[in-house]
Amino acid sequence: MSREQLIEMTRSLIAHGDAGTMELADEVVRIPASTYTDEALFEQEKRQIFRRLPLMVAPSCEIPEPGDFKAMDICGVPLLLTRQKDGSVLALLNMCAHRGNPVASGSGNASRFTCGYHGWTFKNDGALLGVASPQDFGTVDKAAHCLTRFPVYESAGLIWATLDPKSKLSIADYLCGYDELLKAFGLDDWYLFSQRTLSGPNWKTAYDGYLDFYHLPVLHAATFGADFYNRANYFEFGPHQRLSTPSKFAIKVSSEDGHQIDLSKLKDDEIPQDVLVQGVWTIFPHISIASFYGGGLRGAMISQLFPGKTVGESFTTQFYVMEKKPEDEAAIKAAHEQFDFLEIVVRDEDYKTGKRQHEALQSGLMTEVLFGRNERGGQVFHQWAAKLLAASDEELLEIFTADRQREAAE
Ligand code: FES
Ligand SMILES: [Fe+2]
């Protein structure tokens, strides 16, 4: 089913490419410039979006083995992901049930965690195993003092968690079937080659850059080239959007000379899998996945963005995942070069520009910013951000149940 949908999208991209057209939004959209700079709005976004909606917290290959764990802090919420013996993942509140100290930090492999403050011990499923000096402490109902669990969902080689333990929103519903398509990457048995974290501008300023190709040949003239494509068609799945260039050509990666292949000449079953997933796949509100090739090996960069401490700051973890672990020196070097190149593009071009743009917007001397008919990705993102921010918890459930039902009917 998902391959059929991917073929359909690819055929549409080929047809538009052949005709020299792209899908345009109905109109130029204006949004208030204060959307990027308002501190009260920023606090609301952290609460209503990041602490209420499912977030893609890690690629599965970051914690592949039983006992693997990763601790992280998201908008002030300490999160602990653990891989269980049966292969499932748990998302726990990383706060000791005694007085709240985080029980784990960093990442590693452990079947239990001992709190560094007074020594209480927890199993990696959150169960309280032991109270230090129990004869002195007094009676505690251990079962009632486990680490709190957050809703968690693993699909398509990615792990989502909702940082609200009481959330009733089904993460699968929230994804609107998008994870079924993401499965086409095959990420669940990929390899995490490297990762790093970059500081960026306001999270929405930063995220805008993942949602259009309009800027590619201009801002990235020195890296991607001034003749790089600048058009994208958008495919929406609830708030999640894939963008891809309308073209009938694709690079044939497997060929030595990097020749292009004419997709219009291929039958459906001849279209390579990597061509079917090309472009950028964004997952609302903060993820972008794009395919790359390091030394002929298939890879993808997963960019995971979070708001920072202030309205003008964000940070992005770039995960460079690969279909196969590069084994020889030349392949490892090529993968590093590809990843270093992408770091430079994002840090020195996208985020450097985003920080300057943010500073300028903070002057307050511009009332609105524009998203053109060719920038539907940004239009849709900001519309969803405003809609989900304003929705009550009940409305949130309705939005995603309704979306799910509509999709099932199609
Ligand atoms: S806060 Fe963890 S043992 Fe006291
Ligand atoms: Fe960019």
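Residues are numbered from 1 along each chain as its sequence is written, and chains are lettered from A and ligands numbered from 1 in the order in which they are written. As this is a predicted model, local features need pLDDT of at least 70 and side-chain atom pairs count only at pLDDT 80 or more, while totals for chains, interfaces and linings use all residues; side-chain values use heavy atoms, with hydrogens and water left out.

Let's start with the largest pocket, which holds about 1100 Å³ of space. A pocket here is an open set of points on a 1 Å grid over the protein atoms alone, where a 1.4 Å probe fits, with protein on both sides within 12 Å along at least five of seven lines; lining residues have an atom within 4 Å of a point. The lining has 38 residues, and F228, Y229, G279, S291 and F292 sit closest to the centre. Among the elements that give two or more residues to this lining are β19 (287-294), β20 (297-307) and α9 (329-361). (Helices are DSSP runs of H or I with at least four residues, strands are runs of E with at least two, and both are numbered from the N terminus.)

Now the cysteines. You'll find zero disulfides here, a disulfide being a pair of cysteine sulfur atoms within 2.5 Å. Take C146: its closest cysteine sulfur, in C96, is 12 Å away, so the two are too far apart for a bond. C146 is partly exposed, at 33% relative accessible area, whereas C176 is buried at 0%. (Buried means under 20%, exposed over 50% and partly exposed in between, with a 1.4 Å probe and protein chains only.)

Next, look at R52, in the loop between α2 (39-50) and β2 (55-59). R52 is a buried arginine, with a relative accessible area of 7%. What does the side chain of R52 meet in D393? The two side chains are joined by a polar contact of 2.7 Å, meaning a pair of N or O atoms within 3.5 Å, where one must be able to donate a hydrogen and the other to accept it, and residues adjacent in sequence count only if both atoms are side-chain atoms. A polar side-chain atom of R52 also lies 2.8 Å from the backbone oxygen of L388.

Finally, Q241 lies in strand β15 (residues 240-244) and is buried at 1%. Beyond four places in sequence, Q241 is in contact (heavy atoms within 4.5 Å) with residues including Y178, W281, R376 and F381.

How values were computed:
Grid points are joined across faces, edges and corners, and a volume is the space filled by probe spheres set on the points.
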